[in-house]
Amino acid sequence: MKILFKIIINIFFNVILFISKTIAQENIIQILVHNPDIKSDKYLEIYNDKINSYFLLKNQNSSVIPNINLNFSYCIPDPNDGNDLSNFYKKGTEINIDTEYAKNLNCTIKALNSSYYDMVIIDDKFLLGENYLATFAVLKLYFTKIDLYKFFLNYEGYIENDDISFHDDDILKAGRHNNKGLYGIPYEMDFDTLFFNNFNDTFRGFIYKSILNNDTLPSLLPPLNEVPSNFSEADLKNYEGIYQSMVDDGIISAGFGSNDELLNFFVEFIHYKFNIKKLPDRDETPEFFEFLFDEYKSKEFYDSFRKYLIKYTGKYLNKTLINSIEDAYNSFLNNEKLFLRGKASNYLALKSINPNISIHSLPDNTSVIDRKYIVINNNSKKDKKMLVKVALQLSSREMQLYRAKVFGNLPTFDFKRNNLDNYTIEFCNSYPELCDLIKKLNSIDVTTAFIRDKFSGSYIESRLVLPTTLKSDTFNNNYFLFNSTFLNILNIKPFSLLDLYKAVPLFIFQDIMTVIVVDILSITLIMVYFKRKHPYLKAISPFLSSLTIIGMILNISISKFMFFVHTKILCQLLYVVKYFTLNLTNLPMFATIFRIYYIYTNISEVNFGKKLNDKRLFNIISITLSVILIFAFVAVFSDEFYETTMGTAMTTRSIMCFNKHYNHFIVFTIIMLVIMFFVMLVMTIKTIKVSRQYGEVRYVLFILFLLFSSLLYEFIFIILIHESKGTTIFLISHAIYMCSCLCCAYLLVGHRLIYVLKHPIKNNMYQGNDINNDYFNNTLNIIDFIPLKKTGNCPFSFFKKNKNKGKRDVNKEVFSVVKDCEISFDDSITNNPNNYFFNQALKSLSRPKEQSPLDQFKDSYQSTQNYSSLQGSQQYSSLQGSQQYSSFQGSQQQNSSFLNYLNFKNYPKN
């Protein structure tokens, strides 16, 4: 009893503990933030404490927001994240991606995929990192299969315009996704500036004055001959020494070890180089970057960038390009460099360390702007309305002004309005230098800087590959790789077939082979059409076989169009056509094999001409294809389709189409092909068992080749979408597929067509039938037109060649029925004595119409007499004592009467 009591008590306390933890979790809002540029062990602790204190103070008497706590935390990436992506790029390019960026990106996406984090503070480079006209396929394959903005809650319907009207219009607009809704509320902003110390010594003061008054910075250090005449000899010597030191080590400390900083610097340099405040719009000046195609002009551009970098940071580029942001700040604070290129938000922190530090704008007040937004995770389990209220408070004017005073963060107020509100005025009164810089700022949106075409690379792709490539090429003073990568990102000139040939010359050979194969198949189609009435081709239905070959031709041709689909509608239509042509290849062949199977397994039937003719089967196939086409249209146009590109993961920026449920589509198609294959295989095996002939093995080989080629065809499309380095595999697969198609065509109609061309039928007449007619007038057994086993006397199954003695004359060779060939096969109907009179009736019906009724009667009578001679034979003796023979003896008169009726029923009436 005591043990049971203890168990109940433990269960009770565990339940209470679980409920308490659940309630505690419900009262905590988890917010993901990114590490600051300058890492500090206590920064996150201080940030949590200060923000929570102010947040609770503002809501202590609030009935809208319950008593909750905020918990800001960093994302801890998986150490292995980014390695697979790095190897993926290295397979076919020389690009080394930024694996650290890939790790942090994937960490954020994983956080949004879970319900742990309720909110995320993200920058504009993540919020606006995708190009929504053509998605980056690598992002879909290695990070997430859905668009990034779909992780975020759409604020539309939760907030009023008055709640966010105080934000800067441009910053607020950037929080919207392609006019579909507001997904990010502005949280804070930042930009690049120059910091310097106010020294009182003569030569340093001269240098500062010379540099800071020169907005375009053509030469950061004034030449020695411009030194003022009032310099003493000692000052001049000091100046010469410092001057040379500054030339070697540079005058600006910058954290270009950070790839974000280096990419921002490169974008800002483009503006300085061409003396523009904003890159021209792609629609206004689409040719702006076309100078990169010129070898001389591009070299001059990159050389000027390298010289510009050396003037800023010194000639030791190996140190400059690995210098971290934290090292750059320490170098400046230790007076190792005159200037610091840093973020404006660090001004108050630097000022607290050294009051003599001042701030100055970059040339022309031009800088990349960094914007941060607060977003709500759609996967959060907490009440969305409550989360929206919290987001509005964290991004409110009061909270932004509070963070500016405590942490130095820059608010997202609209400083360019004529009538500033009280919060903006208070900020400007407290920090006039920062306020003045913000008002004069010519901001650069780096997320759109390289969007020169609707299929240009997204910022995420640019950030992944450009900084690392720029670093290596700047250090090696060889910009070939960066230039090709940069042009790939810009996508100034649309991808063309010529570009494909230049990038992969093997595609020229592939297209030549494709044209040859298509021509061979097309000629085969034409020849089959002209010989379609020949009984040797009629047996395998030339019309249905032609449909299969047409499907092969379309399948061979359509794969290349995957590289040139640039609209969503064309993308969807391509998938419909692809699925339709796949069935156009297989269904007619399925019907052909069924036709042969039905003939062999229903041998007792007299005539199959009208029952299994092409028109009947064509109607069935047409209905089936129509249903499939409707199904394909509904399935494709109800799915989510988008254009995608492998981008810099391939040497050329080819655009392809992709759909959300592509994997389901592939699985369904493969299952359908396998089922169809096994059904055809079963029918073929049963046909072989009945006919027991060698020739039908061709159909086993054919359907094996057909299935192999069909699956290979699907594999080619998988390569095109899932493999950036699939060029070689694609070429090999396409070549094998074309060879498979040729083998299929030969096994299907090729060998028959060759035989027909070599052995024409004399006078186009066969057993009284004109082979140019759609139907045979005289009854024939259609099994005779399916290939049987060839013997030494009969080179092909159902035809033999009448050879003249002596020299062979092919032109005089004619066809005769298979009975003239000396072959033997187990036919249970023709060899069974019980069916003797029935077979004689069939034989009589098979004779030409020109034979007179009297001749028919004579032949019938002679057949009866011939039958009497069977009584002395061994076969007849074996039947003598059997019940079957008694039955046969008793029905002899009946069969004779039936035969006479068949022979005399067509006599003309007097």
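This is a predicted model: local features need pLDDT of at least 70, side-chain atom pairs count only at pLDDT 80 or more; totals for chains, interfaces and linings use all residues.
Residues are numbered from 1 along each chain as its sequence is written. Local features need pLDDT of at least 70 and side-chain atom pairs count only at pLDDT 80 or more, while totals for chains, interfaces and linings use all residues.

1. Helix H17 spans residues 422-430; helices (H or I, at least four residues) and strands (E, at least two) are DSSP runs, numbered from the N terminus. Thr424, Phe427 and Cys428 of H17 are buried, where buried means under 20% relative accessible area and exposed over 50%, partly exposed in between (1.4 Å probe, protein chains only). Seen down the axis of H17, its buried residues fall within an arc of 95°, so they line one face of the helix; the arc is that of the directions from the helix axis to the C-beta atoms. Asn422 and Asn429 are exposed on the other side of H17.

2. At the start of H17, a side-chain oxygen of aspartate 421 lies within 3.2 Å of the backbone nitrogen of tyrosine 423.

3. Strand E9 (residues 366-376) has 10 of its 11 residues buried, so it is largely enclosed by the rest of the structure.

4. Two strands pair if DSSP finds at least two bridges between them. E9 is joined to strand E3 (residues 119-123) by 5 bridges, running antiparallel, with lysine 372 of E9 as the bridge partner of aspartate 123. Strand E5 (residues 185-197) pairs with E9 in the antiparallel sense over 6 bridges; here proline 186 has tyrosine 373 of E9 as its bridge partner.

5. With strand E10 (residues 442-444), E9 pairs in the parallel sense over 3 bridges. Valine 368 stands opposite isoleucine 444 in E10.

Notes
Side-chain values use heavy atoms; hydrogens and water are left out. A polar contact is a pair of N or O atoms within 3.5 Å; within protein, one must be able to donate a hydrogen and the other to accept it, and residues adjacent in sequence count only if both atoms are side-chain atoms.
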